[in-house]
Structure formats: C-alpha cells, structure tokens
Amino acid sequence: ARSVPEQERKAGLAKPDMLRPLAACLGALALACLFSNDLYASLLGEYSQRAYGLLPLALCLAAAALATGAGAALARSVLFLGAAAGAALSAFGLLQLAGLDPVLNAIGSISYGRAGSLVGSPIGLGCCLAMILPLQLRLALDGEDLRRRQMGWAFFLLSALGLLFTWSRGAWLAAGIALGCYLLWTGRLQGPKARPAVMTLAAAAVLAAAGLIVMTGRIRPTSASDAGRVATWQSSWKMFAADPLLGVGPDAFGLMLGRYKTEGFVRAYGESGSQGHAHNDFLQALSMAGLAGFAAYAWLLVAAWRRLQNALSDKAQRVDSAAAGAGLIAAFVVAKFNPIPLDGLAMAAVLLGFLDPRGARPRGLPAAALSLSAAGVLASAWLLIADRRCFEGMRAQSEGRIEEARAAYAAAVRMNPAESRYGFWLVGLIRDQARTEKDPARRISLGLEAVAAARAMEKWNPLDVRALHALGGSLAHADPAAQLPLV
C-alpha cells in the first residue's frame, strides 16, 4: 500500500505530459498527408531515405510515447547500449576508410574519403555520432563503476575519431554544443572555481573549430555546398508561401521543388538538380506540413525543454536526463543544416522519451504501438521484395538476359506501381527492344507496350519527372504507323 503513492509521486515528476504534443504532431502529419501532392511518398516516405513519410514518423512518435513510461532502469540500460552502438558504428566507418568494408570493396572504394558506416552517409553518420557522444561521456564520467567508466572513455574516443572523419562541420558543431550542455547540466561547469577552466576550454574550442573549418575547406571545398544550402532554404520558403496552411505533404519536398527553385538554386545545382529535404527542420516542417505542422512541432520542442528542466531538478534523474537532453540538442543543431537520417530520427524519439522515463503509460498505448510496428514491418518487407525484383532485373539486363530482366521489372511494378523508378527501368528496356527490333509489326507492338507502361506510371505519379519523361519519350519514339492518341 505504501508503494502506490511513491510510484505516483515519481510519475508526477515527469512533467509536462509529452503525449499530447506527440499526438498533435501525428495529427498534423496525417492531415498534411491527406491533402498531399504525392500521397504515396507522404505515406511511406521518399524512396532514397524513407525517413519523413507518415508511417516512419508515426513509428518514431510511437517510440517516443513508449519511452516516456519505460522507467529509469530500462532507460539507463538502453542509454548504455546506445553508447556501445555508437562505438561500433564509428569502428565500422574507420574500417571503410581503411578499405576493409567487404560490401563497398565489391562495388568500389570510398573515393571521397569520408566515413559513412552502416548509416550510409557521412552526414548521417556525423549526426548519429554527435547524438551518441553525450551518452558516452555520461558513461565515462558518471558510470556506475570503474569498468563502465573505462568502457565509456573507450567508446567516446573511438566515436570522436569517427566523427572527425565524417568531415561534417554541422555534426562537429552539434557535438561540441551537446557535450558542453551535458557538462553544464551535470554541474561541472558551474561555480567560481570552474570559470577559468570553462574560459580556457571555450577558447580552445573556438580555435580548434576554426582550424578544422580551414582544414576541411582545403580537403573538401565547401563553398558550392554552402551556396546550395542557402538556395535550398530560399526555395523551401517559396514552397511554404505557396501552401502555408498544410504544406505540400510529408516527404513531397523533392517532388514539388521544381516549381519553386530560385535562380540561386539553379546556379548551384543546375537546371535538373534537386534536393529531397529543406536542410533545416523549421523550413522542412513549414514546407511539408504548413503552419499546422510547425505549430505542433514547436509545441513538442517547448514541452521537451520544460520536461528536461523539470527532470534536471531531481538529483536521482539528472545524469541520465542530461545525457538524453544533450543528445537531442545535437540533433537540434544538426537539423539546422542537414536532414536527420531515419536512424537519427528513431534515436531522437527514444531520447525524447528518456528525458524523463518515469511518466505514466496510458492504457492501450503498447497495443497501438505494436500494431503500428507490425504495419511498418510488413510495409518494409513489401518494399524490400519489390526492390529485390528491380535489382534482379538490372542484373539480368546488364548480363544480356533481356526477357528475364523485363519479367523482373514487371514484377516490381506489379508489387509497387507507385514507385516510378521501377516503371522507368521497364519502359526504358521496352523502348530499347523496340529500337533494335527489325520486324515492323513487333516494333509497333513494343512501342504500344512502352506507351501503356508509361501511361500507368503517369497515372500513379502525375507530377513525377520520371513518369512524364517516360511517357513523353515513349510517345515521341513510337512508330508513326501505330497512330497513338496523345491522351
């Protein structure tokens, strides 16, 4: 009987409630998806990352909601696993630089000299490592025993080295700010005795940052990238201004960008250049979900900050909350310059819940999250199988097995007709067959098949450049004897 009030008292510390702003974000995304310019991309996410569609973001929101009631013991265990995972990611990235990645060795080396590890991108790896470094510093400075503290230092140094070789300036900045926040929130940068050390460290950090930026500019020129990022921000603002209430839809940024490119964007990337993200979280929220989405996102940020401050006031929770909060600060800084990968979004969701994991868990939430997770697994399996069919077609085509390639492409299209890449490969192959066919009747038939496949693409993706290109090219190259209607 005595334990119930105690549990209620501890749960009361986890304020404010995070479930309402999380639900508001989900509702804003669903509404924007309903009126999206590309319903398929908005539901599952754009092909290259699958990160900002309704389903992946809903899974992240569900993870955050579950983490708010995970309990302090489980949260501490997960934070330890995250610290270890960061070291493993960094080690794999360093092996890539040494030419020891068997997958990359089979398709080519990392000529650009930047570690990407299993995240698949130097920018994405830099983001993840910047978020994980505070967890490792927490283990190194505030681990439960000497063995864990030693492991923490090993994890921290290995991840810092991996972060360096991502050559991501945004991730470097984010890591520095996040580590400073952890030291500040745990009381290591407070008091008159700490001020000289703080000033010395700040001056050293500024000098080191300046040196790294200069070195990065010599190793990897960044002026064009910087100009392109500014142009992307300007284009994304135009996109928001055109549909300020609900935006263009979750993850429909790349599809709609062509209408809103500025002259600066064209100069930076060329007429056919594109981007799939606004490279700024505020502009991304405005462009893809409008003012409704931005308001929900702002509510979530304010609630998270207040929850963190409340948790830091409790000595029993301070260290873990400081680590989770510092990891989120790193993500917040990175998001001002680069997109956060799906790995980083999932990590941020868990850290959001771990700001204070002693909250109450509403009845039915685990079942709802499990159902959503099951839907995510099924959708992932479906997408992977369709991708596999397309890759089988690409391999068969490169090896001259044309009919097998065509059958594989057609199978991929049947599984996922909304993915324009599959149809694009299929239409291209049929047109190649038509160009080399000597029998006039067969050539006309192939031309008709190419047009039919392209029309199906255009039906599913009326605004997609690939679909329009495939249809226009098929109509232009069709045999005149076919007498095709233009519509």
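Of the contacts in the protein chain between residues at least 6 apart in sequence, 73% join residues at least 24 apart. The model in which these contacts occur is a predicted one. Its protein chain contains 21 helices and zero strands. Buried residues account for 45% of the 487 residues in the chain. The accessible surface comes to about 23700 Å², and carbon and sulfur atoms contribute 66% of that area.

In one of them, helix H5 (residues 72-97) lies against helix H8 (residues 146-164), with the axes 8 Å apart and an angle of about 40° between them. The crossing of H5 and H8 is left-handed. On the H5 side, the contact is made by Phe80, Ala83, Ala84, Gly86, Ala87, Ser90, Ala91 and Leu94, while H8 supplies Arg148, Met151, Phe155, Leu158, Ser159, Leu161 and Gly162.

The crossing of H7 and H9 is right-handed. From H7, the residues Gly126, Cys127, Ala130, Leu133, Pro134, Leu137, Arg138, Leu141 and Asp142 take part; they meet Ala171, Ala174, Ala175, Ala178, Leu179, Tyr182 and Leu183 of H9. The contact of H7 with H9 divides into 13 nonpolar residues, one polar and two charged.

The loop that runs between helix H6 (102-107) and H7 contains Ser117. Although Ser117 is not a glycine, its phi is positive, at about 55°. Ser117 counts as buried because its relative accessibility is 6%, and the cut-off for that class is under 20%.

A positive phi is also found at Arg50, a residue other than glycine, where the value is near 55°. Arg50 belongs to the loop between H3 and helix H4 (54-67). With a relative accessible area of 15%, Arg50 is buried.

Arg50 is one of the residues in contact with Leu44, which is located in helix H3 (residues 39-44). Leu44 is likewise buried, with a relative accessible area of 14%. Leaving aside neighbours within four places in sequence, the contacts of Leu44 also include Gly53, Leu55 and Pro56, together with Ala379, Trp382 and Leu383. Leu44 and Pro56 are twelve residues apart along the chain, and their C-alpha atoms are separated by 6.8 Å.

Another loop residue, His279, lies between helix H13 (263-269) and helix H14 (281-312). His279 is buried, its relative accessible area being 12%. When residues up to four places away in sequence are not counted, His279 touches Arg229, Thr232 and Trp233, as well as Ala335, Lys336, Phe337, Asn338 and Pro339.

Notes: Residues numbered from 1 in each chain as written. Predicted model: local features only at pLDDT ≥ 70, side-chain atom pairs only at ≥ 80, totals over all residues. Heavy atoms only, no water. Left-handed = near helix turned anticlockwise from the far one by under 90°. Helix = DSSP H or I, 4+ residues; strand = E, 2+ residues; numbered from the N terminus. Contact = heavy atoms within 4.5 Å. Nonpolar A, V, L, I, M, F, W, Y, C, P; charged D, E, K, R; others polar. Buried < 20%, exposed > 50% of the residue type's maximum accessible area, 1.4 Å probe, protein only. Areas by Shrake-Rupley, 256 points an atom, 1.4 Å probe, with all protein chains shown as cover. Axes fitted to C-alpha atoms, helices over the stretch in contact; angles between N-to-C directions.
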